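Please walk through the structure below, moving from the inside of the fold to the ligand and then to the charged pairs.

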Amino acid sequence: MLKRYLLAPGPTTVPSEVLLSMAAPIIHHRSPDFIPVLDSAKKGLQWLYQTKNDVLILSSSGTGGMVGAVNNFFNKGDRVLVINGGKFGERWTKICQAYGLKVEEIIVEWGYTVKPEIVKERLKKNQGIKGVFVQASETSTGVYHDIKTLASIIKEYGDTLFIVDAISALVAHDLRTDVWGIDIMVGGSQKGLMLPPGIAFVSVSEKAWAKEKTSKLPKFYFNFKKERENLARNQTNFTSPVTLIIGLNESLKMLKDEGLKNVFKRHHKLADATRKAVQALGLELYSKESPSNSVTAIMTPTGIDGQEVYKNLRKKYGITAAGGQDKARGKIFRIAHLGYTDKFDIIIAIAGIEMVLKEMGFKIKLGTGVAVAQELLMASEDI
Ligand SMILES: *Cc1c(COP(=O)(O)O)cnc(C)c1O
């Protein structure tokens, strides 16, 4: 028997409580039965997003939310700034270009975080930028971008929207939509929210809704104005993903029971223990600064292929982590501590890494990283 452990940065493990809630019979999305279900999900998402803004619920993977964040607020030829520090930053560029926007990029070396002064300078020099796009957590490199500081810079520009892909950061990082001034923030179900893949969330500020009025890009499936009107009466524009929304209410309930502050604290502690444990093994983090609390990207020792580490973890020990993407392929592997994870998930991950690396010929004293993680997590009665 090979027991499976899902420690990838999405999809993540779905708790039994959520799975069971989703076993309920389907109700009709236009019937009165569904009204309180969507109402509760809508309010719960506003709580999680720390916002009074509408948080739209879309039937799509996270990328659908990213597409909607572009085609509902901009026009062909609009100049926008994309902070591109990895695979997902690149995705913003591709989506914007697909809709005919003029993209200017700030290329950030993989493993590093964007320097806010660079964004400040670019906006000052380059008037007329209609939107700034960034990831909160760049999942491909395990780096967190400083959303609070970036928001404070962009706020100075009344005509510029700040759009954040928080698909992997939501739940793991404290993102204060209203206090900081994030205009559009995209989330997804299969990461921190402990749900199966299939729904995306997008919060939209009043500043962004004003822009929506002037956007002439084609829209049909992702039509945010229609979604907003439907949301006001606890509906979605098309057939609602009823089962996933029922599950969402359960996962939001679990997060509420834990408390938002504790949720962030848990993610921070698990991430910190993971980082220190792998460093104790003599491994280096791929994120040279501002490591994310959602996922840890670890460099493989010289002579060892990261993809092989990932494959061996899965094949021999049932641990599904992640490899590297594009230029990081073969050089790194990634362990997520996102959503339904606790101290023993970290112990399992570190133990697995030790065993696999030892088998692959890397000099390791078994238990070194595990002991570091145990010490750090043992003291945490609160998680
Ligand atoms: C997972 C992820 C996405 C893509 O989400 P899909 O659900 O696969 O469309 C986008 N951005 C980030 C930062 C992610 O981690």
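Strand 5, residues 131-135, is largely enclosed by the rest of the structure, because five of its five residues are buried. This is a predicted model. In a regular strand the side chains alternate between the two faces of the sheet. Strand 5 can be read in that way: G131, F133 and Q135 point to one side, while V132 and V134 point to the other. The residues on both sides are buried.

Which strands pair with strand 5? One of them is strand 3, residues 79-84, which runs parallel to strand 5 and is joined to it over three bridges. In this pairing, V80 has G131 of strand 5 as its bridge partner. Another is strand 8, residues 161-165, which pairs with strand 5 in the parallel sense over five bridges.

D165 leads on to the ligand. The ligand has 13 residues around it, and those that come nearest are S61, T63, T139, D165 and K191. The side chain of D165 places an N or O atom 2.6 Å from a nitrogen atom of the ligand. How much of the ligand does the protein bury? Taken alone, the ligand exposes 380 Å², and the protein buries 88% of that area.

The elements that give two or more residues to the shell around the ligand are helix 3 (62-71) and helix 4 (87-98). Helix 3 gives the most, with three residues. By type, the shell is made up of three nonpolar, seven polar and three charged residues.

Charged residues also pair with one another within the protein. Side chains of opposite charge can pair when their charged atoms come close. The structure holds 19 salt bridges, and a few of them can be followed one by one.

K42 and D39 meet through their side chains in a salt bridge, at 3.9 Å from N to O. Both residues belong to helix 2 (residues 34-49) and lie three residues apart, about one turn of the helix. K42 counts as buried, because its relative accessibility is 15% and the cut-off for buried is under 20%.

The next pair joins two strands. R79 and E104 form a salt bridge whose closest N and O atoms are 3.1 Å apart. R79 lies in strand 3 and E104 in strand 4 (residues 102-107), so the pair ties together parts that are 25 residues apart in sequence. At 24% relative accessibility R79 counts as partly exposed, whereas E104, at 19%, counts as buried.

A third pair spans a longer stretch of chain. D326 and K87 form a salt bridge, with their closest N and O atoms 3.0 Å apart. D326 sits in the loop between strand 13 (319-320) and strand 14 (332-336), K87 is in helix 4, and the two distant parts of the chain that they link are 239 residues apart. D326 is partly exposed, with a relative accessible area of 43%. This pair belongs to a network of salt bridges that links K87, E90, K94 and D326.

Notes: Residues are numbered from 1 along each chain as its sequence is written. This is a predicted model: local features need pLDDT of at least 70, side-chain atom pairs count only at pLDDT 80 or more; totals for chains, interfaces and linings use all residues. Side-chain values use heavy atoms; hydrogens and water are left out. A residue is near a molecule or strand if one of its heavy atoms lies within 4 Å of it. A polar contact is a pair of N or O atoms within 3.5 Å; within protein, one must be able to donate a hydrogen and the other to accept it, and residues adjacent in sequence count only if both atoms are side-chain atoms. Accessible areas come from the Shrake-Rupley method with a 1.4 Å probe; for residues, only the protein chains shown count as cover. Helices (H or I, at least four residues) and strands (E, at least two) are DSSP runs, numbered from the N terminus. Ala, Val, Leu, Ile, Met, Phe, Trp, Tyr, Cys and Pro count as nonpolar, Asp, Glu, Lys and Arg as charged, and the others, Gly among them, as polar. Buried means under 20% relative accessible area, exposed over 50%, partly exposed in between (1.4 Å probe, protein chains only). Two strands pair if DSSP finds at least two bridges between them. A salt bridge is a side-chain nitrogen of Lys or Arg within 4 Å of a carboxyl oxygen of Asp or Glu.
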